[in-house]
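Please consult the sequence and the three-dimensional view below before reading on.

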Amino acid sequence: MRKEKKLIFNNTRFKTIPEIFDIDDKFSIIAGPCAVESLNQMEQVAKVLVGNKIRFIRGGAYKPRTSPYDFQGIGVEGLKILDFIRKEYKLLTVSEILDPRDVEIALEYVDIIQVGSRNMMNYSLLKEIGLTNHPVLLKRGIMSTISEFLLSAEYIVSGGNKNVIMCERGIRTFENRTRNTLDISCIAIIKQETSLPIIADLSHSLGCRDVIKPVLNAVKACGADGVMLEVCPDRTQALSDSKQQLNLNEFIEIVK
Ligand code: PEP
Ligand code: MN
């Protein structure tokens, strides 16, 4: 009979706190537009983040879209904008890659590599990131159980990379008032069973802006280490996720 392998993150001695993501210290906010569209857009957001003492800026250079005809992101140009922003504004950048061949360029340009929900089970990508020591934000797949989510993290940590930040971003259910159903029990379970930090993405889970505040309080109560929020200068002009993004003044109001 095969002996079941003990998972690394279940080992109580396993300590995984990416230095850059100080979970003991404070509740972190990762905010920024859905997609990096221009330097001007990113600078407007960066100024608000700095003004509100937020350390992380997000923005997708490669956008995984349901339709191949939708805006796919500006690619390397977007990574270079993020690189400029982090240097100029002393912010830490979070950006998604979809392809294992892009790990190398992401290492050069972003502080935290995001693995999006569609790629939670892209095992080639997970293995490639596992070979690095770079912080990674792993999002839960839209149709994945908590155990599957944890096993995807195991792919990364078993490769040697302990710098994994989990992200609950909602799962698909019959509910359609929200874009997805945020599973707050996932946050509590991951806090209880592992030493991995976990944040909640309130933009992609809710898909709307009106209940962000109370839900933010709920995820905090469950032990979340932070939240991700999409914010841009003018959502009516955004090339992706225009409904759920906060405008700058709405974002400031929530942060306060
Ligand atoms: C994103 O964060 O830009 C994104 C596409 O999110 P998700 O993978 O959760 O859909
Ligand atoms: Mn988005």
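## Terms and basis

A residue is called buried when its relative accessible area is under 20%, exposed when that area is over 50%, and partly exposed in between, using a 1.4 Å probe and protein chains only. The model is predicted: local features need pLDDT of at least 70 and side-chain atom pairs count only at pLDDT 80 or more, whereas totals for chains, interfaces and linings use all residues. Residues are numbered from 1 along each chain as its sequence is written, chains are lettered from A and ligands numbered from 1 in the order in which they are written, and side-chain values use heavy atoms, with hydrogens and water left out.

## Overall fold

The protein chain contains 9 helices and 9 strands; these are DSSP runs numbered from the N terminus, helices being H or I of at least four residues and strands E of at least two. Its radius of gyration is 17 Å, close to the 18 Å that the globule rule gives for 256 residues, so the chain is as compact as a globular protein of that length. The radius is taken over C-alpha atoms, and the globule rule is 2.2 Å times the number of residues to the power 0.38.

Along the principal axes, the C-alpha atoms fill a box of roughly 60 × 40 × 40 Å. Of the 256 residues, 55% are buried. Contact here means heavy atoms within 4.5 Å. Among contacts between residues at least 6 apart in sequence, 68% join residues at least 24 apart.

Most residues other than glycine have a negative phi. Lys90 likewise has a positive phi, near 55 degrees. Lys90 lies in the loop between helix H2 (76–89) and strand E3, and at 69% relative accessibility it counts as exposed.

A nonpolar core is a set of buried Ala, Val, Leu, Ile, Met, Phe, Trp, Tyr and Cys residues joined through side-chain atoms within 4.5 Å. The largest has 61 residues, and those with the most contacts inside it are Leu138, Val164, Met166, Leu202, Val219 and Phe251. Helix H5 gives the most to this core, with 6 residues. Apart from it lies another core of 9 residues, among them Phe56, Val94, Ile165 and Ile199.

H5 (residues 146–158) has 13 residues and reaches 18 Å from its first C-alpha to its last, close to the 18 Å expected at 1.5 Å a residue; the expected span is 1.5 Å times one less than the number of residues. Its buried residues include Ile146, Phe149, Leu150, Ala153 and Val157. Their cover includes helix H4 (123–130), strand E5 (136–139), strand E6 (164–168), helix H6 (184–193) and strand E7 (198–201). After H5 comes Gly160, with a positive phi near 120 degrees.

## Selected buried residues

Ser95 sits in strand E3 (residues 92–96) and counts as buried at 2% relative accessibility. Its side chain reaches the backbone oxygen of Gly59 at 2.7 Å. Not counting residues up to four places away in sequence, Ser95 touches residues including Gly60, Leu79, Val110 and Ile113.

Ile29, in strand E1 (residues 28–32), counts as buried at 17% relative accessibility. The C-alpha atoms of Ile29 and Val227 are separated by 5.2 Å, although these residues are 198 apart along the chain. Leaving aside neighbours within four places in sequence, Ile29 is in contact with Ile54, Phe56, Val227, Phe251 and Val255.

How values were computed:
Polar contact = N/O pair within 3.5 Å; in protein donor to acceptor, adjacent residues only side chain to side chain.
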